[in-house]
Amino acid sequence: MSVELLAVNAVSDRIAACPRLSPEIATGDKTPVTDGHVDFYDSEKQSKKTLGGRVPVQVKGRVTKTRIKQSRESQSFQVERDVLRFFRNHGGGIYFYVPMREGGAQREIFYAILLPFKIDRLLNGGTEAQKTFSIKLTRFPTEPQRIEGIVHLAWQGRSQSSSAGGNAHLLEQAESLTVHSLVGFDESRPTRLALAETDYVVVARLPGGIEIALDLDLDVFPHDYIERELAVPIRCGAVEFTNGTGRRVDENSLVLRLSDGLDLRLTVIDELVSAALNLTREGSFRSQAKNLDFVLAAAAGNPLVVGDRSHRPHAGDPKLETELRAVRAEVAHLIELFDELAISDDLTASLEIDDRTSRVLLALHEGIVQDRAVQGTSDGTGRFDISLGSHKVMVIVLPAEDDNHRRIIDPFDPAKRDRFRIYQLDDNGSPEPTELGTVYESVTPEEMASVLNLRLRNIVGTYAVLDDRAAARGKANLMVLRLLSAADLASDPGHRDELIQGAADLCDWLRSEEPDSLVHRINSWQVRYRLAALDDADRREIRSARRSLRREEAQAALLEVCLLILLEDYEELDLVLQELDDDEVAVLKSWPVWALTRRRPEARVGAARLGVV
């Protein structure tokens with residue numbers, strides 16, 4: 001008896017029992033790859049008018065030595081590369097495997113929907129020389145409704161044949177999604193759709209009414225599993241959080257994020273509520289302090305209050321409370337230190353502080369906040385930078401009363417300026433005192449981009465108290481340029497804003513000192529440009545300033561370039577750049593206003609003059 005015929009008959013009989021399906025599967029046919037097809041109809045009255053579609057199938061029968069257990073729900077089978085490619089290029093189909101005992105006894109049916117995207121992943125995961133691939137097949141159901149669902153899903157998969165795989169990026173453009181699946185969605189729990197595990201087809205509707213199949217895996221979450229703002233405050237002891245978020249993680253549990261670094265997991269079983277806190281060192285120092293205070297209140301046995309509902313007090317954990325109080329004291333010292341250094345608490349959230357750095361910062365607290373000599377015999381004295389990841393704190397280490405101690409001061413603290421002098425190396429490499437005016441002149445723009453304790457709120461007063469007013473204005477103008485250059489280099493948006501604000505404050509002071517200076521006005525405008533605050537009134541003033549330029553003045557051409565950059569008039573700018581010599585171009589490119597042209601790379605500023613491609 002033909003094994004092929006027995007296999008085909010088993011599949012055909014099962015499908016023929018479905019009122020909306022009609023199998024046409026031959027044996028011994030000479031059709032390459034496929035053995036036939038299954039037609040599906042829109043009603044039980046099968047006719048040309050109700051024909052919905054046709055799905056290709058292939059059937060493989062094998063005689064096995066042992067019986068396939070009824071409890072076995074899946075089976076692996078090797079399929080030729082050429083067969084997979086054929087199905088991929090022709091919209092997919094259904095592959096049947098029918099194992100049986102000798103003589104056709106105990107026939108079982110397993111199937112796999114060969115979706116084009118699933119075939120792509122299978123082939124891409126193998127080698128070029130690989131001729132067969134193992135596919136996972138599932139036991140074929142007996143219920144007509146389930147069988148019809150399998151055929152319909154295979155038919156929907158044809159939309160994947162005209163789409164290239166790896167197109168998940170189109171999801172961002174989708175106006176809506178249609179998901180065809182056998183498993184459906186349970187609104188009480190998340191549903192995971194992965195082609196390696198189940199069969200489904202995702203069709204996206206793009207702008208213009210275009211529909212395209214997407215090659216992606218999906219996690220579908222019910223509303224309760226999506227993180228959202230909490231509608232009630234949560235309190236323990238004297239600490240309350242009002243801006244938390246929450247989401248369900250399983251049937252019995254919720255995770256509430258009270259802040260960065262503090263999660264609360266609530267589990268409800270038989271109306272009994274249990275709570276577990278998860279604390280990490282995240283967020284700013286003040287945020288960490290609040291998190292610790294909340295956990296300390298819980299460790300001390302205070303009840304957890306969610307909205308108006310108070311849950312029974314925790315028994316308390318004295319050992320944990322002792323450990324947390326030590327950490328809380330450390331955070332308190334860090335808050336005091338950074339307040340003394342005039343560093344915004346918001347900036348502390350992005351700092352990288354390991355155990356060694358933490359010990360160094362606690363030593364700084366002793367030296368700067370407590371103004372005490374710190375024990376230590378580190379090499380030499382002078383400037384030291386404490387690295388905090390991409391940021392740093394700059395201090396000066398001075399000799400103390402004995403060789404075993406050092407004094408540490410913040411060089412940008414105006415009250416400590418009389419405790420040190422600034423030196424520079426002469427031509428022979430020997431240090432000599434220099435009067436740079438302020439400590440800011442000793443810091444490069446590259447360093448300013450990462451040094452946090454610059455105390456820029458005091459920068460105007462630092463220059464305003466200098467005796468030589470002309471020298472003060474000249475140094476302050478150069479400092480505006482350095483601050484803007486530093487802002488362009490800064491990686492942290494908060495620190496960048498502080499640098500720009502420092503430049504803006506100096507600009508305002510300089511304009512009050514020299515209200516007719518076009519240089520100060522240009523610097524003020526480029527500050528506003530960086531803040532995206534340059535408006536039409538500013539542009540009218542810039543155009544007026546350009547018309548008022550005296551061409552015979554020494555830097556008139558350079559100032560005109562600055563004005564054109566601010567106006568983003570790149571066509572006119574290109575013409576003016578042609579008239580500059582190499583030295584003038586070098587000066588121009590050293591000014592921070594030139595950095596604004598890099599924000600418009602498509603404009604190819606100065607391409608002809610500067611050789612930019």
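Reader: How do you know where the axes of helix α10 and helix α12 come within reach of each other, and at what angle do they cross?

Author: This is a predicted model, and its coordinates give the values. The axes of α10 (residues 469-489) and α12 (residues 518-530) come within 11 Å. They cross at roughly 20°.

Reader: Why are α10 and α12 called roughly parallel?

Author: Angles under 35 degrees count as roughly parallel. The crossing is at roughly 20°. Therefore α10 and α12 are roughly parallel to each other. Their crossing is left-handed.

Reader: What makes the contact of α10 with α12?

Author: Contact means heavy atoms within 4.5 Å. From α10 come N477, V480, L481, L484 and D488. From α12 come V519, H520, N523, Q526, V527 and R530. By class, that contact has 5 nonpolar, 4 polar and 2 charged residues.

Reader: Why is α10 called roughly antiparallel to α11?

Author: The axes of α10 and α11 (residues 493-513) cross at roughly 155°. Angles over 145 degrees count as roughly antiparallel. That makes α10 roughly antiparallel to α11. The two axes come within 9 Å. The crossing of α10 past α11 is left-handed.

Reader: Which residues of α10 and α11 meet?

Author: On α10 they are R469, A472, R473, A476, N477, M479, V480, L483, L484, A486 and A487. On α11 they are R496, L499, I500, G502, A503, L506, C507, W509, L510 and E513. The contact divides into 15 nonpolar, 2 polar and 4 charged residues. N477, V480 and L484 of α10 are listed in this contact and also in the contact with α12.

Reader: What makes α14 roughly antiparallel to α15?

Author: Helix α14 (residues 556-567) and helix α15 (residues 570-577) pack at an angle of about 160°. The cut-off is again over 145 degrees. That makes α14 roughly antiparallel to α15. Their axes are 9 Å apart. The crossing is left-handed.

Reader: How many residues of each class are in the contact of α14 with α15?

Author: There are 7 nonpolar, no polar and 2 charged residues. A557, E560, V561, L564 and I565 come from α14. E572, L573, V576 and L577 come from α15. Glu counts as charged, and the contact includes E560 and E572.

Reader: Now the spaces. What makes the largest cavity a cavity?

Author: In a cavity, a 1.4 Å probe fits but cannot get out. The structure holds 1 cavity of 30 Å³ or more. The largest cavity has a volume of about 40 Å³.

Reader: Which residues line the largest cavity?

Author: The lining is T64, T66, R67, I68, P99, M100, R101, Q106 and E108. By class, it has 3 nonpolar, 3 polar and 3 charged residues. Ile, Pro and Met count as nonpolar, and I68, P99 and M100 are in the lining.

Reader: How much space lies in the largest pocket?

Author: About 620 Å³. A pocket is an open set of points, whereas a probe in a cavity cannot get out. Of the 27 residues that line the largest pocket, the closest to its centre are K118, K136, E197, T198 and D199.

Reader: Which elements supply the lining of the largest pocket?

Author: β6 (110-114), α3 (116-124), β7 (132-139) and α4 (144-156) each supply at least two residues. β7 gives the most, with 5 residues.

Reader: How do the residues of this pocket lining divide by class?

Author: They divide into 14 nonpolar, 5 polar and 8 charged. Lys, Glu and Asp count as charged. K118, K136, E197 and D199 are among the residues closest to the centre.

Key:
Residues numbered from 1 in each chain as written. Predicted model: local features only at pLDDT ≥ 70, side-chain atom pairs only at ≥ 80, totals over all residues. Heavy atoms only, no water. 1 Å grid on protein atoms, 1.4 Å probe; cavity = no way out; pocket = protein on both sides within 12 Å on 5 of 7 lines; lining within 4 Å. Points joined across faces, edges and corners; volume = space filled by probe spheres on them. Helix = DSSP H or I, 4+ residues; strand = E, 2+ residues; numbered from the N terminus. Axes fitted to C-alpha atoms, helices over the stretch in contact; angles between N-to-C directions. Parallel < 35°, antiparallel > 145°, perpendicular 65-115°, else oblique. Left-handed = near helix turned anticlockwise from the far one by under 90°.
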